[in-house]
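I opened the notebook to record what I looked up in one structure.

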Amino acid sequence: MLRRPRRSRVNAWEGGREEEARPRQREERVLLRGIFEIHRGSCDVVLSERALRWRPIQPERPAGDAKLNLQCKEEFIELKNIFSVKLKRRLCIKQPGSGTLLGITLFICLKKGRNKLKNSALDLINLSEDHCDVWFRQLKKILAGFSNRPKSLQILLNPQRHRKGAAQVYYEKVEPLLKLAGIKTEVTVTEHEGHALSLLQKCELQGLDGIICVGGDGFVSEVAHALLLRAQKNAGREADGLLSPVRAQLPLGWIPTGSNNVLVHSLCGLPHVVTATLRIIMGDLRPADVCTFSTTGKLLRFGFSATFGFGGRTLALAEKYQWMSPNQRRDFAVIKALAKLKLEDCEISFLTFDSSQDIQERREQGSRESDYNDQWQTIQGQFLNVSIMATPCLCSVEPNHRINNGGMALIIARDTSRPEFIKHLKRYASSKNQFNFPFVETYIVQEVKVCPKNTTSGSNTEEEEKSCRIASEEHFPWNVDGDLLWVTSTVHVRLHPGLISLYGSTMEEMSDPKITL
């Protein structure tokens, strides 16, 4: 006997209709077939290898009955979009979890717009214990076959002031979904800057399927840096002077609770907590390019993007006003930096992406950098800002571009008037081309060297490296993924394709950016 439940939270358009589905490449093997009540109506339900399909059961009517032409369209849900299955029982206050069986509930990941995801549920109502048990076991077996989905995660929470805390976001929005998906978690709250770095150098990674950060840009960059340092250590490699670093052992996920959330824009298209969580649950992994930032042969850190000049000085100003909220601090620092625009007199040398494949092969064979010095290009002068980006920074306060060929973007803003530079900055948050200015230059590169002051050439000999050091030991601020680094000499940035795997959407699923370099 079937019971009439409240209406399911999944509508027909969310799962799909047979007419809208792609043609089946081959006849799918039917695993189970039975009758359930869906959307307050009895349905013939078929479970195949790739999808769950159902069609309303229509009563027989006499020939010629006008009501016979009722729509009876088949609907479906692809199994790859199901992330959990539970037995549905009537709520029993005295004995939770032991109420009368009502059927099965499927928890589904659905697209909401172009980049956003949401979780929904579909109830399959049938009061037969044996019938539901067979279906429940088969569905659990199918879900267990998705080997790319994580089963055990280390969660790192970064407490923040002036905002809804990372812990609150995690326990209210993230943890319930992870528990629903059956993922085991171990939560650690970081107590100070650098805590995640020291933690990941010592903790046991065996048995984990990923590391999840709950915080802002700087925190996720710190954790990525820690994971890559751990990989070099496990491989017996020195961090300094790395030409071909070892890939990170575990993938990295990120729940955004920061003010800019640049990286999560690049991964998921928008800073949406539920979307980022569902990407992790579904095991949506993609390799990400990572840069090494080094000076005088010593590794400063691994990172995804950096700015020198206006971007670095703005962050340095913002760090002095920690008592403000993140958004207020950022806006105040931008205004103050614009009021006193400062040019950076430096030399920028870069290796274009066209010849990077050959260079990478020579690196792997142990060739010295001097063997391909003739391919470097050098520009000299005074610059307002220099941006170096390995990932597409899809954010309202960052250049919006896509790089999916293993190169990184070098964006240089030369000297110009304050109004023109402000106009350039404002376009970052609009649909207009923010690079369409005579003072803005863009390049796709494999390596970059930024040498402030006293610059002589783009070569890399020991004597020339020494000449690039600042005689007065003046420190220059760099903004590396939202973290402030003070450097006194040449910074050498190298791109390393696919060095770490990140939980996020595939490039095909991402919205097309407004500008392609």
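I began with a term: a crossing is left-handed if the near helix is turned anticlockwise from the far one by less than a right angle, and right-handed if clockwise. The model is predicted, so I noted that local features need pLDDT of at least 70, side-chain atom pairs count only at pLDDT 80 or more, and totals for chains, interfaces and linings use all residues. Residues are numbered from 1 along each chain as its sequence is written, and side-chain values use heavy atoms, with hydrogens and water left out.

**Entry 1: the helix pair**

I looked up helix 4 (residues 195–202) and helix 5 (residues 217–234); helices (H or I, at least four residues) and strands (E, at least two) are DSSP runs, numbered from the N terminus. Their axes come within 9 Å and cross at roughly 30°. Axes are lines fitted to C-alpha atoms, for helices over the stretch in contact, and angles run from 0 to 180 degrees between N-to-C directions. Helix 4 is therefore roughly parallel to helix 5 (the term covers angles under 35 degrees). Their crossing is right-handed.

Which residues of helix 4 make the contact? I found His195, Ala196, Leu197, Leu200, Gln201 and Lys202. On helix 5, the residues include Phe219, Val223 and Leu227. Contact means heavy atoms within 4.5 Å.

**Entry 2: the cores**

A nonpolar core is a set of buried Ala, Val, Leu, Ile, Met, Phe, Trp, Tyr and Cys residues joined through side-chain atoms within 4.5 Å. Buried means under 20% relative accessible area, exposed over 50%, and partly exposed in between (1.4 Å probe, protein chains only).

The largest nonpolar core has 29 residues, and Leu200, Val223 and Leu227 are among those with the most contacts inside it. Helix 5 gives the largest share of this core, eight residues. I then checked Leu227, which touches Leu200, Ile211, Ala248, Leu250, Leu252 and Ile500, not counting residues up to four places away in sequence. A second, separate core has 26 residues, including Val169 and Tyr170.

**Entry 3: loop residues**

Thr190 is in the loop between strand 9 (184–189) and helix 4. Is Thr190 buried or exposed? It counts as buried because its relative accessibility is 4%.

Thr296 lies in the loop between strand 12 and strand 13. Thr296 has a positive phi of about 45° although it is not a glycine. At 34% relative accessibility, Thr296 counts as partly exposed.

Methods
Angles under 35 degrees count as roughly parallel, over 145 as roughly antiparallel, 65 to 115 as roughly perpendicular and the rest as oblique.
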